[in-house]
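Dear colleague,

I am handing over the structure below for your records. My notes on it follow directly after.

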Amino acid sequence: MAQKTTPDSTRRSERSRRAIYDAALALVGEVGYAKLTIEAIAARAGVGKQTIYRWWSSKGAVLLDAFLDLAEQAAEAASAGHDTVQTEIPDSGDLEADLKFVMRATVDEFNDPKYDAPYRALAAEGLLNPELGREFVEKLLEPQLQLFVDRVRRAQDAGQVRPDVDPRIALELWASPLAQRWLMRSGALTHEYVDKLVEYALHGIAPRPA
C-alpha cells in the first residue's frame with residue numbers, strides 16, 4: 001500500500017504568505033489605504049482572515065511586511081549575476097557619480113506605482129500609528145539612510161569629504177528634499193532634479209573659484 005503523504009505545512013504557509021503580500025500591495029494601489037481591509041486582503045489572497053490575524057495585528061503591519069518583501073525582491077533582482085545581494089551604495093571612487101546613480105534609481109521607484117502607493121500609505125499611516133511609524137523607520141527608512149552614511153564615511157576615508165562632516169546630517173542635504181517633494185507632490189521627480197540636489201549638496205551654491 002502506498003504511504004499516505006501529508007501536505008508540507010511550511011510550503012503551504014509560504015504560499016499563503018506570498019499570496020497575502022501580493023494581495024495587500026495590489027489592493028492598496030487599487031483602493032487606497034483608507035479602504036484597504038483585512039477582509040479584502042484575505043479574499044484576494046484566498047485565505048481566511050484568521051490566517052492573517054495569526055501573523056499580523058493590523059492591515060498596516062501586513063502592508064509593511066509586504067513592502068519590505070518587495071524591497072528585498074528588488075534588491076535581489078538588482079544583484080542578478082552577483083554572488084550576494086548588493087547591500088552597499090556602489091563605490092566607484094567618484095562620490096558624486098555614485099550618489100547620482102542611487103538617487104536616480106530612487107526617483108524611478110518613487111515614480112513607479114508599484115512602490116509609490118504602499119510607500120506613501122505607510123508614510124502617512126506611520127504619522128497616526130506610533131508603533132507602525134517606529135517599525136517603518138527602524139525596518140525600512142534607517143537601513144536605507146545608513147547606506148548613505150557608510151558611503152560618505154568611505155569618501156571621508158579617501159579624503160573626498162572633510163573629516164569634520166557628520167555623514168548622518170550630510171545625507172539629509174540630498175535625501176530630505178527628495179522625500180519632501182515626493183510626499184507633498186510639490187514638483188516633478190526627475191533625474192535632472194536629483195542630479196542638482198547632489199551637486200548642490202557636494203559643491204554648495206556659492207560661486208566657485210575660477
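Phe136 counts as buried because its relative accessibility is 10% (buried means under 20% relative accessible area, exposed over 50%, and partly exposed in between, with a 1.4 Å probe and protein chains only). The residue lies in helix H7, residues 130-157 (helices are DSSP runs of H or I of at least four residues, numbered from the N terminus). Leaving aside neighbours within four places in sequence, Phe136 is in contact with Leu64, Tyr119, Leu122, Ala123 and Leu141, where contact means heavy atoms within 4.5 Å. Leu68 is 68 residues away from Phe136 along the chain, and 9.5 Å separates their C-alpha atoms.

Please note that this is a predicted model, in which local features need pLDDT of at least 70 and side-chain atom pairs count only at pLDDT 80 or more, while totals for chains, interfaces and linings use all residues. Residues are numbered from 1 along each chain as its sequence is written, and side-chain values use heavy atoms, with hydrogens and water left out.

As to confidence, the chain has a mean pLDDT of 90, and 90% of its residues reach 70 or more; pLDDT is the predictor's confidence in each residue, from 0 to 100. Over residues 1-6, pLDDT stays under 50, and the model has zero contacts beyond four places in sequence for them. Where pLDDT is low, the predicted coordinates should not be read in detail.

Turning to charged pairs, the count comes to 16 salt bridges, a salt bridge being a side-chain nitrogen of Lys or Arg within 4 Å of a carboxyl oxygen of Asp or Glu. Helix H7, which holds Phe136, also holds Lys139 and Glu135, four residues apart and therefore separated by about one helical turn. Their side chains meet in a salt bridge, at 2.8 Å from N to O. Lys139 is partly exposed at 38% relative accessible area, and Glu135 is partly exposed at 24%.

Glu14 is partly exposed at 38% relative accessibility, as is Arg18 at 28%.

Asp164 and Arg162 form a further salt bridge, at 2.9 Å from N to O. Asp164 counts as exposed at 55% relative accessibility, and Arg162 counts as exposed at 54%. Elsewhere, salt bridges that share partners join Asp91, Asp98, Arg151 and Arg154 into one network.

With kind regards

Methods. Helices (H or I, at least four residues) and strands (E, at least two) are DSSP runs, numbered from the N terminus.
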